[in-house]
Amino acid sequence: MGVRYTHQAITTEQQIDILKERGLLIDDVEQTIKVLDTISYFRLAGYWRHFEADRFTHQFREGSSFADIIDLYSFDKELRVLLFTAIQTIEVSVRTKIIKYFALQFGAFWFMGENYATNGMRFAANLAVIRKEVSRSHDDFITKHFRKYSEPDLPPVWKTLEVISMGTLSKLYSNFSDATAKHAVAREFGLNHHKFLRSWLECLAVLRNCCAHHSRLSNRVFPVKPMMPERMPNTWIADFTFREQTLYPQLCYVVYWLNSISPDNTFVASFKRLLANHPSVSPHLLGFPCHWEQEPLWR
C-alpha cells in the first residue's frame, strides 16, 4: 500500500533553490526561470536523472550544470524530429506494402474476415478498435466513402489501413494467418522472415508514440525489445553486445528499414551531425556501444 500524496505546488524560484541545494550549478537564475516557465520541472527531471550521483537524495554529481541538462534536452528534441521524419517514411511504405500484397489475394475487406486471423479474440478486439479509429477520421476519402456507400460498414482496406494507428496495424499484421503473404511484405524490407517485421512493427508503434508525445528518448528503457537477427541480406551490424532495451537497437532497425525503402536517405549523416552539434551528449546515453561508428550500418 502506498501513502497519501501531500506535496503542494511550489514557485519556480523554489524549484531553483531545490536544484541548487542538490548541487546543480546554475549560472543565470533569470534565464533558468524562463526555461522552467517554458519546460516543466518534471519534464526536465527525466533528463537530469543522468546527472545525479544519488538517486535517493537526488544529489547531483560534482560539476553538473543546468546548461548541460538543457543541451541534452535540446539534443533529444532535435532527435525526435529527425526520427519522426524517418518513421513517417517507414510507416507510409509499410501500409502501402500490406495493402498491395494482401488486398489482391484476399480481397478488399480481408481485415473483416475472422477466417484470416490466427486468434479469434484478437481479431474481434482489433476490429473493434478499427471501427473506432475509422469513425474518428475526418479524411476526405473516408467521409466521401460513407456519403456514398453504406455496406459493408467499413471502407475497403486501401482506405481503412491509411487511417488506423501504427499499433493497430501492427496487431493486424501479427494476427494475419497467411504466412506467405506476410513473408512477401517482410522481404520488401530486406527481412528473411515475417517474425522480424512483426517485432519491428510492434517496436515502431511504441517509438512513434514517444516521438509524437514529446517523450524522452535519451537514457530511456523501452518496454519492447526488437528482434535483432545476426544475419541480414543488406548492410547490418556485427556487434550485438549492446543493452537491448535502449534506443540503440531501435535506431538500428529504423536505419536498416529506411535504407531498404530509400537507399539515398541521409539519416545516419544527420544523426552524426546532431551529435557533433551537441558535444556534451554522449552516445552512451542512447545505449550505443563504444565502437558503433565502425559498424557497417553506421558508416
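1. A salt bridge is counted here when a side-chain nitrogen of Lys or Arg lies within 4 Å of a carboxyl oxygen of Asp or Glu. By this rule there are nine salt bridges. The model is predicted, so local features are taken only at pLDDT of at least 70 and side-chain atom pairs only at pLDDT 80 or more, whereas totals for chains, interfaces and linings use all residues. Residues are numbered from 1 along each chain as its sequence is written, and side-chain values use heavy atoms, with hydrogens and water left out.

2. Side chains of opposite charge can pair when their charged atoms come close. A clear case is the salt bridge of Arg95 with Glu91, where the closest N and O atoms are 2.7 Å apart. Both residues belong to helix H4 (residues 66-106), and because they are four residues apart there, about one helical turn separates them. Helices (H or I, at least four residues) and strands (E, at least two) are DSSP runs, numbered from the N terminus. Arg95 counts as buried at 4% relative accessibility, and Glu91 counts as buried at 10%; the term buried means under 20% relative accessible area, exposed means over 50%, and partly exposed lies in between (1.4 Å probe, protein chains only).

3. A salt bridge also joins the side chains of Glu188 and Lys100, at 3.5 Å from N to O. Glu188 lies in helix H9 (residues 179-188) and Lys100 in helix H4, so this pair ties together parts that are 88 residues apart in sequence. Glu188 is partly exposed at 25% relative accessibility, and Lys100 is partly exposed at 40%.

4. Which part of the chain does Arg131 link to through its pair with Asp153? The side chains of Arg131 and Asp153 meet in a salt bridge of 2.4 Å, N to O. Arg131 is in helix H5 (residues 120-136), while Asp153 is in the loop between helix H6 (140-148) and helix H7 (157-160), and the two residues are 22 residues apart in these distant parts of the chain. Arg131 counts as partly exposed at 31% relative accessibility, and Asp153 counts as partly exposed at 43%. Elsewhere, salt bridges that share partners join Arg49, Glu52 and Arg55 into one network.

5. The backbone deserves a separate check. Most residues other than glycine have a negative phi, and most peptide bonds are trans. In this model, however, the peptide bond from Glu151 to Pro152 is cis, with omega near -15°, and Pro152 lies in the loop between H6 and H7.

6. His214, which is not a glycine, has a positive phi of about 60°, and His214 lies in the loop between helix H10 (194-212) and helix H11 (247-261). Asn219 has a phi near 60°, again a positive value in a residue other than glycine, and Asn219 is placed in the loop between H10 and H11. His214 is partly exposed, with a relative accessible area of 48%, and Asn219 is partly exposed, with a relative accessible area of 33%.

7. A pair of aromatic rings is described by the distance of the centres and the angle of the planes. Rings of Phe, Tyr and Trp (its six-membered ring) pair if their centres lie within 6.5 Å, and planes under 30 degrees apart count as stacked, over 60 as edge-to-face and the rest as tilted. The structure holds 30 aromatic pairs. One of them is the edge-to-face pair of Trp200 and Tyr256, with 5.9 Å centre to centre and 80° between the planes. Trp200 in helix H10 and Tyr256 in helix H11 are 56 residues apart, and their pair links distant parts of the chain. Trp200 is buried, with a relative accessible area of 0%, and Tyr256 is buried, with 2%.

8. Phe271 and Trp298 form a tilted aromatic pair, 5.5 Å centre to centre and with 55° between the planes. Phe271 lies in helix H12 (residues 267-277) and Trp298 in the segment after H12, so the pair ties together parts that are 27 residues apart in sequence. Phe271 counts as buried at 0% relative accessibility, and Trp298 counts as buried at 0%.

9. Ring pairs also link Phe102, Phe106, Trp110, Phe111, Tyr116, Tyr173 and Phe176 into a cluster. The charged end of Lys182 sits over the ring of Tyr173, 5.7 Å from its centre; this description requires NZ of Lys or CZ of Arg within 6 Å of the ring centre and within 35 degrees of the ring normal.
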